[in-house]
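Work through the exercises below with the model open. Try each task before reading its solution.

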Amino acid sequence: MLTLSKRLLTLFAACSLAIHGLAHADEPVVTLKVAHFLPAHSVTQADFLKPWADRITEQSDGRIQFQFYPSMQLGGTPPQLVDQVRDGVADIVWTLPGYTSGRFPLIAAFELPYMSRSSEASSQAMWDFVAKHGQNEFKNMHLLATHLTDGALVHTTDKPIHEMSDFRGLKLRAANRTATRTIALLGATPVAMPVPQVPEALSKGVVDGAVLPWDVVPALKLHELVKYHTESAPGMPALMHTALILAMNPATYEALPADLKKVIDDNSGRALSREAGRIWDNKVVEMGHQLANERGNEIHVLSPEEQQKWMQATRPVHEDWIEEVEDKGYENGEALLEEAKQLIETYNAALPR
């Protein structure tokens, strides 16, 4: 009798699965095109985007699939990714808003020098800040996550940076307007360019180094092109962070049936932003250190006293940001900046010790 009951239960379960499969058999599979500017083997795709996409495919019973287009395989340049997702060339992009100077001033608050010690904390703070204030900046896209890279540091080819006077005479790659201003205040000559152009610029001597986080080191093989890396003092804020977004074409999102929207929503937002920040805080930094050490490069860590000099020198960048957002029509830029700092501290305090 017990054996018969087990057989009946097994048969019932099999029938249920079959019916469930039939229910979805006539529903179309949605394939989303995901574009970004780094190689497929980068941390961005291998450790962040691909696991995220796999979760969504599993939770949607295979009804949402993803096709990746790394290294700008859909054409265009990295600064054009925000337009590609707006215009539907790509369904989802991972990109730097800062590549399009002046279009996203609010999110640039999180790229100001010495704002943050933790990408995990600040990525969540940035999500809250943009959700509250960023409707105009991001009205043409459906945001899935906002996050920061690990803290940027100075990588140089022939001359180590141990103190601020070492910047004199150097040309350093900058990612955006904030980085350009910061590098100039420290005493070097900034040269703005997207990340994919950095290896050639270093190898040809167009620049003497770059201000970049560890996250791009493996993808660009940066550790093979430079000899020196200068990090911030332990326990103190990083020189700067780069703000990134994962964004979806709004028409693509709205065309999804309600249950598939829910799958996307359940895997987006603050939680995904935090996940990304944690990856960049931990795995990315460890990998960068390992590659630099294996190459025999020098990793110099600033003293707290020297870092204080750098922090004092770059303070005008914060004042520039306040002026810029007020020029863009936002009221009380100083209060906005203070709100961003408070959000960062709130999430910093919540991190495990």
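**Exercise 1.** Find how many bridges join strand β6 to strand β7, and how the two strands run.

*Solution.* Step one: locate β6 at residues 171-174 and β7 at residues 189-192. Helices (H or I, at least four residues) and strands (E, at least two) are DSSP runs, numbered from the N terminus. Step two: count the bridges. Four join β6 to β7, and the strands run parallel. Strands pair if DSSP finds at least two bridges between them. Step three: take one bridge. Ala 174 has Ala 192 in β7 as its partner.

This is a predicted model: local features need pLDDT of at least 70, side-chain atom pairs count only at pLDDT 80 or more, and totals for chains, interfaces and linings use all residues. Residues are numbered from 1 along each chain as its sequence is written, and side-chain values use heavy atoms, with hydrogens and water left out.

**Exercise 2.** Describe how helix α5 packs with helix α12.

*Solution.* Step one: locate α5 at residues 177-186 and α12 at residues 316-327. The angle is about 145°, and the axes are 10 Å apart. Axes are lines fitted to C-alpha atoms, for helices over the stretch in contact, and angles run from 0 to 180 degrees between N-to-C directions. Step three: list the contacts (heavy atoms within 4.5 Å). Arg 177, Thr 178, Arg 181, Thr 182 and Leu 185 in α5 meet Pro 316, Val 317, Asp 320 and Glu 324 in α12.

**Exercise 3.** Is Thr 95 buried or exposed?

*Solution.* Step one: find Thr 95 in strand β3, residues 92-95. Step two: read its relative accessible area. The value is 0%, so Thr 95 is buried. Buried means under 20% and exposed over 50%, with partly exposed in between (1.4 Å probe, protein chains only). Step three: leave aside neighbours within four places in sequence. Thr 95 then has contacts including Phe 37, Pro 78 and Leu 244.
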